[in-house]
Amino acid sequence: MIIFLYVDDCGITSPTMSEIDAFLARMRIKGFELTKDEGFSEYLGIQFEQNTTSKSIAMTQPGLINKILKATDLTTCKPNRTPTHQCGLATDPDGLPMEEHWNYTSVVGMLLYLSTNTRPDITFAVSQVARFCSNPKKSHSQAIKMIVRYLSGTVNNGITFSPTENFKLDMYVDADFVGLHGREPQDNPISARSRTGYIIFFCGCPLMWKSQLQTETALSTFGAEYVALSSGLRTLIPLQRVLQDMVNMLEHHSPTPTVHSEVFEDNSSAYLLANNQRLSNRSLHLNVKYHHFWEQVRNKTIKTSQISTTEQRANFLTKGLSPQVFETIRRYNQGW
């Protein structure tokens with residue numbers, strides 16, 4: 001049995017319903033007041049819809065999207081095909097102040113909750129606008145409007161899970177080297193920062209994803225890609241241990257399967273350093289903390305594989321893309 005709890009909302013999963021009923025009975029005896037909903041159609045504002053024919057589950061948040069549309073006065077807007085432009089969003093210190101009367105920080109908060117749970121397709125765009133909550137300019141509110149217009153055409157979409165029987169973690173990791181160069185003022189250190197993006201799948205289903213500026217300045221494309229790889233693996237390695245513990249506990253299979261992990265990298269230099277683990281003049285500057293995963297690669301707990309840029313599913317987490325490329329990656333990751 002697995003129990004997940006958020007304040008007073010609880011979800012329980014078990015091989016049999018009788019085990020869940022017995023657990024609830026024990027809790028009531030201990031004095032807990034519990035109400036039981038039949039099925040599991042909604043949790044924390046996230047809707048779940050099961051398709052028994054395709055054996056898939058869709059996770060959506062139409063209620064939150066409609067709330068965002070109303071908050072920004074865009075309920076009747078014309079939809080966009082993508083949530084952001086292909087050029088990066090800068091600080092814009094000399095830009096015009098924000099004209100809209102809605103609360104910038106409040107809308108960003110709703111967008112962050114949406115992107116974290118069911119919409120990796122807007123994660124990069126939301127990460128950009130979240131940088132400017134303290135002093136939003138007109139260009140930043142316009143960027144939020146672009147995200148919201150995109151959402152207006154995809155209200156009922158989210159993530160579709162179609163799990164495989166392969167107990168495997170796959171991580172696609174990418175980096176955008178100094179993507180804000182030429183956009184941010186040259187005296188702003190952010191102009192030299194690169195961006196990390198990664199998305200992790202379990203049994204073929206998206207599980208976790210992230211898009212953020214790197215905290216240190218990379219000196220090359222190779223450096224930015226390797227820092228991104230290391231950052232993603234700091235999430236993947238403990239996640240692999242947790243999932244293995246859960247698989248062992250559920251005892252659904254005999255023998256108990258092992259959770260394997262594979263990481264997909266499209267930069268050849270980062271891929272070679274991760275596998276060969278030999279420092280050269282080009283890689284001596286990399287801090288030791290970025291080599292933390294070498295032991296897992298050596299004992300084959302984690303496998304790193306090189307892919308082409310066109311196969312990189314994390315691409316839309318590091319930069320703005322054309323509608324055609326964006327929609328292709330979204331279909332691979334989210335099923336629509």
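Val 247 counts as buried at 11% relative accessibility, where buried means under 20% relative accessible area, exposed over 50% and partly exposed in between (1.4 Å probe, protein chains only). The structure is a predicted model, in which local features need pLDDT of at least 70, side-chain atom pairs count only at pLDDT 80 or more, and totals for chains, interfaces and linings use all residues. Residues are numbered from 1 along each chain as its sequence is written, and side-chain values use heavy atoms, with hydrogens and water left out.

**Helix residues**

- Val 247 is found in helix H6 (residues 221-250); helices (H or I, at least four residues) and strands (E, at least two) are DSSP runs, numbered from the N terminus.
- The C-alpha atoms of Val 247 and Val 259 are separated by 8.2 Å, and the two residues are twelve residues apart along the chain.
- Leu 114 lies in helix H3 (residues 104-117) and is buried, with a relative accessible area of 0%.
- Leaving aside neighbours within four places in sequence, Leu 114 is in contact (heavy atoms within 4.5 Å) with residues including Gln 61, Leu 64, Ile 65, Ile 68 and Leu 151.
- Between the C-alpha atoms of Leu 114 and Asn 166, 52 residues apart along the chain, the separation is 28 Å.
- Ser 152 belongs to helix H5 (residues 138-152) and is buried at 18% relative accessibility.
- With neighbours within four places in sequence left aside, Ser 152 contacts Leu 69, Cys 77, Lys 78 and Pro 79.

**The open four-stranded sheet**

- Four strands form an open sheet in the order S3-S4-S5-S6, with antiparallel pairing; two strands pair if DSSP finds at least two bridges between them.
- Strand S3 (42-43) and strand S6 (159-161) stand at the edges with a single partner strand each, so one side of each is left without a neighbour in the sheet.
- Five bridges pair strand S4 (residues 46-51) with strand S5 (residues 56-60) in the antiparallel sense, and the bridge partner of Gln 50 in S5 is Ile 57.

- In strand S8 (residues 195-202), eight of its eight residues are buried.
- In a regular strand the side chains alternate between the two faces of the sheet.
- Arg 195, Gly 197, Ile 199 and Phe 201 point one way from S8, whereas Thr 196, Tyr 198, Ile 200 and Phe 202 point the other way.
- Strand S7 (residues 168-176) pairs with S8 in the antiparallel sense over eight bridges, and Asp 170 stands opposite Phe 201 in S8.
- S8 and strand S9 (residues 205-213) run antiparallel and are joined by eight bridges; in S9, Pro 206 is the bridge partner of Phe 201.
- A hairpin is formed by S8 and S9 with two residues between them, and Cys 203 in the turn has a positive phi of about 55°.
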